[in-house]
There are 2 protein chains.
Amino acid sequence: MKIGIVGLGLMGGSLALDLRALGHEILGVSRQSATCEQAIAQGVVTTASTELSLLAEAEVIFLCTPLAALTATVEQLLPHLKPETILTDVGSVKVPVVEAIAPRWQNFVGGHPMAGTDKSGLAAASRHLFAGRPYVLTPIETTPESALQTVTTIVRQLNVFLHISSPQDHDRAVAWISHLPVMVSAGLIAACGQEPDAQILKLAQSIASSGFRDTSRVGGGNPELGVMMARYNRAELLRTLVAYRQQLDELMALIEQQDWETLEQYLQRTQQDRPDFLSK
Amino acid sequence: MKIGIVGLGLMGGSLALDLRALGHEILGVSRQSATCEQAIAQGVVTTASTELSLLAEAEVIFLCTPLAALTATVEQLLPHLKPETILTDVGSVKVPVVEAIAPRWQNFVGGHPMAGTDKSGLAAASRHLFAGRPYVLTPIETTPESALQTVTTIVRQLNVFLHISSPQDHDRAVAWISHLPVMVSAGLIAACGQEPDAQILKLAQSIASSGFRDTSRVGGGNPELGVMMARYNRAELLRTLVAYRQQLDELMALIEQQDWETLEQYLQRTQQDRPDFLSK
């Protein structure tokens with residue numbers, strides 16, 4: 001199949017590597033000619049260009065630009081396409097993306113591969129980034145069954161755990177397990193910085209161990225990505241933050257009141273509930 | 001050197017394994033005779049007993065019982081000891097331990113190896129658990145220099161990063177980087193459980209990935225340990241929780257007000273500050 005990929009960063013590059021290895025013809029588009037040359041030289045794509053017109057013959061196109069650039073990219077892309085071309089994206093928020101693209105292009109299927117690393121850019125792209133990870137597709141009422149089928153078939157070849165959901169349900173779900181953790185974790189790092197005694201702060205930094213490392217990881221990640229989550233999934237994120245603050249208040253009250261029995265029950269429940277989120 | 005170890009669980013067993021390999025004679029005490037037999041059979045200790053009188057000849061004794069059992073154990077232990085015997089413990093909170101033991105036994109040096117695993121018990125004990133990890137000793141004014149020297153010498157043999165601090169500074173520091181993360185992380189798991197739509201909760205559980213896994217890890221850990229932290233380091237933990245809630249409120253306000261520029265600066269700071277806690 002002729003597959004187009006717009007944006008040859010970590011996601012686009014990794015998709016290209018896997019799909020090309022599966023025998024697809026990969027047409028890559030990047031705004032930077034250096035990235036195009038690198039992608040061709042490293043065999044990531046079959047061919048590449050800075051011009052979206054390269055994708056005129058593509059049957060399916062994966063939109064892998066940053067969320068903020070997505071709508072403008074689609075506007076420029078549409079004039080080059082045959083009406084049967086299928087578009088899909090890899091953005092981590094789905095309601096605003098689907099609302100922006102679906103009215104302009106019916107053959108669009110929102111998508112979100114739940115994979116990534118700390119790094120970004122084509123140099124960070126790797127084979128099997130998506131294998132064994134969740135991949136959510138978010139068709140809506142007007143999405144043609146054939147478009148969903150085609151994207152499903154391609155995505156399944158990546159050995160992902162496929163989930164189909166509405167864009168709204170997707171955004172609610174990722175607010176809990178992806179966007180809320182970023183804010184919870186960032187707040188932890190920022191709070192520690194509030195220790196007024198420099199000597200104690202230094203000791204804390206020196207003895208911080210795997211617990212702090214893990215709890216603070218996503219809060220110390222890419223700031224642009226964090227802003228993007230908050231910006232495009234604001235209402236859902238705020239909803240989860242309100243629920244989170246209630247839990248925090250409850251924990252603080254239990255500790256203030258020295259209600260160790262209820263605190264132990266609380267922590268028994270979190271110990272018991274956590275594996276439900278890790279059962280893959 | 002003749003080294004006694006009271007409590008042959010993860011910490012005591014791991015200490016015994018390393019110290020014995022270094023050529024010390026290890027006298028182990030456990031309340032359960034099955035554990036004593038197992039420790040001898042597996043070569044974890046030189047000899048073991050359920051009787052604290054076994055430690056009459058020990059030069060240094062590591063107290064490795066759970067915090068809640070520590071004071072009672074010391075009471076029972078003291079009548080068996082020569083006055084020059086040095087005691088040290090491995091509890092993760094130091095002020096209450098030092099306040100309880102130091103007035104009863106001058107040759108006591110509070111200690112806290114910052115190591116552990118999800119597991120507990122002698123079966124989880126392993127070599128090199130402490131190597132490359134922080135180990136805090138918390139002498140006070142009345143601690144004899146010779147006792148500190150002896151414990152320091154032994155602990156250094158484990159290839160730890162040794163830190164000397166007051167019990168108060170230790171407890172403040174661990175509140176930030178060890179005890180606060182447990183509550184922050186537990187609150188995250190509990191908050192997710194508040195999603196009222198069962199289908200969305202199920203989707204969230206299905207697509208949760210490494211971000212959720214890491215941020216929720218310590219909140220899904222041993223409930224008794226969490227209660228113990230809160231119970232014995234209550235004032236310091238509450239102090240960090242208040243600072244944390246302020247950060248959370250600030251984040252929520254930025255998102256509510258759509259102040260993306262300040263949010264990005266906030267997340268740039270947390271990205272920049274995190275490595276200071278992981279520089280080991």
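**View 1. Area buried between the chains.** Chain A and chain B bury about 8,600 Å² between them, with 69% of it on carbon and sulfur atoms. More of the area that chain A buries against chain B comes from A:Ile207, A:Arg274 and A:Phe277 than from any other three residues, their share being 8%. The model shown here and in the other views is predicted. The contact is made by 88 residues from chain A and 88 residues from chain B.

**View 2. Polar contacts and salt bridges across the interface.** Between chain A and chain B, 25 residue pairs are in polar contact, both residues being at pLDDT 80 or more. Six salt bridges are found across the interface of these two chains. In a salt bridge, the side chain of A:Arg245 meets that of B:Asp249 at 2.5 Å, N to O.

**View 3. Elements of chain A that touch chain B.** Elements giving two or more residues to this side of chain A include strand S7 (134-138), helix H6 (167-192), helix H7 (198-207) and helix H10 (234-256). H6(A) gives the most, with 19 residues. By residue class, the side of chain A that touches chain B has 45 nonpolar, 24 polar and 19 charged residues.

**View 4. Tyr244 in the largest nonpolar core.** The largest nonpolar core has 132 residues, and A:Leu63, A:Tyr244, B:Leu63 and B:Tyr244 have the most contacts inside it. Neighbours within four places in sequence left aside, A:Tyr244 is in contact with A:Leu180 and A:Val184 in chain A, and with B:Val184, B:Gly187, B:Leu188, B:Ala191, B:Tyr244 and B:Leu248 in chain B.

Conventions:
Residues are numbered from 1 along each chain as its sequence is written. Chains are lettered from A and ligands numbered from 1 in the order in which they are written. This is a predicted model: local features need pLDDT of at least 70, side-chain atom pairs count only at pLDDT 80 or more; totals for chains, interfaces and linings use all residues. Side-chain values use heavy atoms; hydrogens and water are left out. Contact means heavy atoms within 4.5 Å. Buried area is the accessible area (1.4 Å probe) that two parts lose on being put together, summed over both. A salt bridge is a side-chain nitrogen of Lys or Arg within 4 Å of a carboxyl oxygen of Asp or Glu. A polar contact is a pair of N or O atoms within 3.5 Å; within protein, one must be able to donate a hydrogen and the other to accept it, and residues adjacent in sequence count only if both atoms are side-chain atoms. Helices (H or I, at least four residues) and strands (E, at least two) are DSSP runs, numbered from the N terminus. Ala, Val, Leu, Ile, Met, Phe, Trp, Tyr, Cys and Pro count as nonpolar, Asp, Glu, Lys and Arg as charged, and the others, Gly among them, as polar. A nonpolar core is a set of buried Ala, Val, Leu, Ile, Met, Phe, Trp, Tyr and Cys residues joined through side-chain atoms within 4.5 Å. Buried means under 20% relative accessible area, exposed over 50%, partly exposed in between (1.4 Å probe, protein chains only).
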